[in-house]
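Q: I would like to go through this protein model step by step. Could we start with how its strands are arranged?

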Amino acid sequence: MTAANALPREDRYDLDPGPVPFTVRASQKVHGGLVLGAALLAVGFATSASTSPTGVLRWIAAAGFAVLALFCARALTVGEMLVADEVGIRLRIRNEWIGTRWEDIEEVTVLKRRHLLDDGRIAVHLLDPGPILGAMPSATRKTTDANRRLTGSSLAIPFGLTARPSSGEVVQALHMLADARCPVREQL
């Protein structure tokens with residue numbers, strides 16, 4: 001018997017490993033259902049299409065549903081949209097990861113979902129957004145500008161029907177990770 005085995009079981013294992021990272025991911029069930037439904041509709045419209053004027057409209061509808069299926073299939077491969085851990089928060093905007101430490105964040109506001117079809121939102125307000133936003137490619141900057149106009153923050157991620165947070169208590173999970181380095185509040 002070794003000295004480690006002689007210790008009580010509680011003393012051998014760290015029972016509190018620290019805060020668990022918080023993530024927001026695309027909903028696999030919703031996007032998978034949309035891919036399947038849009039693909040079936042695209043095939044249905046394409047098989048019933050012809051060269052008549054009505055048939056041409058069916059080709060257009062088939063192409064539209066095929067494009068929808070491709071967009072939803074891409075959402076299945078994206079992975080996380082937001083990751084928060086002990087160090088800070090990283091957000092994916094388009095194909096760019098934008099990360100910042102908790103110390104560089106002025107505050108994080110969370111708009112909770114009010115009902116089933118409503119989206120919540122996590123908005124990160126930086127102390128000095130200039131260097132981070134200035135280093136982005138122009139396409140990503142256009143998205144952050146649209147975010148700022150819609151939500152009041154350049155760095156905002158929605159969650160709800162199509163994106164699922166890893167914890168149901170979003171404010172509490174982010175507050176535990178921020179650990180008094182920046183305020184996390186619920187937006188009313």
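This is a predicted model: local features need pLDDT of at least 70, side-chain atom pairs count only at pLDDT 80 or more; totals for chains, interfaces and linings use all residues.

Q: What is the order of the strands in the open sheet?

A: The order is β4-β3-β2-β1-β8, five strands in an open sheet with antiparallel pairing. The edges are taken by β4 (96-101) and β8 (163-165); each has a single partner strand, so one side of each is left without a neighbour in the sheet. From one strand to the next, the twist averages 10°.

Q: Which strands does helix α7 lie across?

A: Helix α7, residues 170-178, lies across β1, β2 (80-84) and β8. The helix runs at about 135° to β1.

Q: New topic: β6. Are its residues mostly buried or exposed?

A: Strand β6 spans residues 120-126, and seven of its seven residues are buried. This holds for both faces: one side has Gly120, Ile122, Val124 and Leu126, while the other has Arg121, Ala123 and His125.

Q: What about pairing, then: how many bridges are there between β5 and β6?

A: There are six bridges between β5 (residues 105-111) and β6, in the antiparallel sense. In one of these pairs of residues, Glu107 has His125 of β6 as its bridge partner.

Q: And how many bridges join β6 to β7?

A: Five bridges join β6 to β7, and these strands run antiparallel. Here Ala123 has Ala156 of β7 as its bridge partner.

Q: Which residues lie nearest its centre?

A: Of the 15 residues that line the largest pocket, Ala26, His31, Ala75, Met81 and Thr162 lie nearest its centre.

Q: Which element supplies the largest share of that lining?

A: Helix α4 does, with three residues. At least two lining residues come from each of α4 (53-78), β3 (88-93) and β7 (155-159).

Q: Last one: what classes of residue make up the lining?

A: Eight residues of the lining are nonpolar, three are polar and four are charged.

Methods:
Residues are numbered from 1 along each chain as its sequence is written. Side-chain values use heavy atoms; hydrogens and water are left out. Two strands pair if DSSP finds at least two bridges between them. Helices (H or I, at least four residues) and strands (E, at least two) are DSSP runs, numbered from the N terminus. Axes are lines fitted to C-alpha atoms, for helices over the stretch in contact, and angles run from 0 to 180 degrees between N-to-C directions. Contact means heavy atoms within 4.5 Å. On a 1 Å grid over the protein atoms alone, a cavity is a set of points where a 1.4 Å probe fits but cannot get out, and a pocket is an open set with protein on both sides within 12 Å along at least five of seven lines; lining residues have an atom within 4 Å of a point. Ala, Val, Leu, Ile, Met, Phe, Trp, Tyr, Cys and Pro count as nonpolar, Asp, Glu, Lys and Arg as charged, and the others, Gly among them, as polar. Buried means under 20% relative accessible area, exposed over 50%, partly exposed in between (1.4 Å probe, protein chains only).
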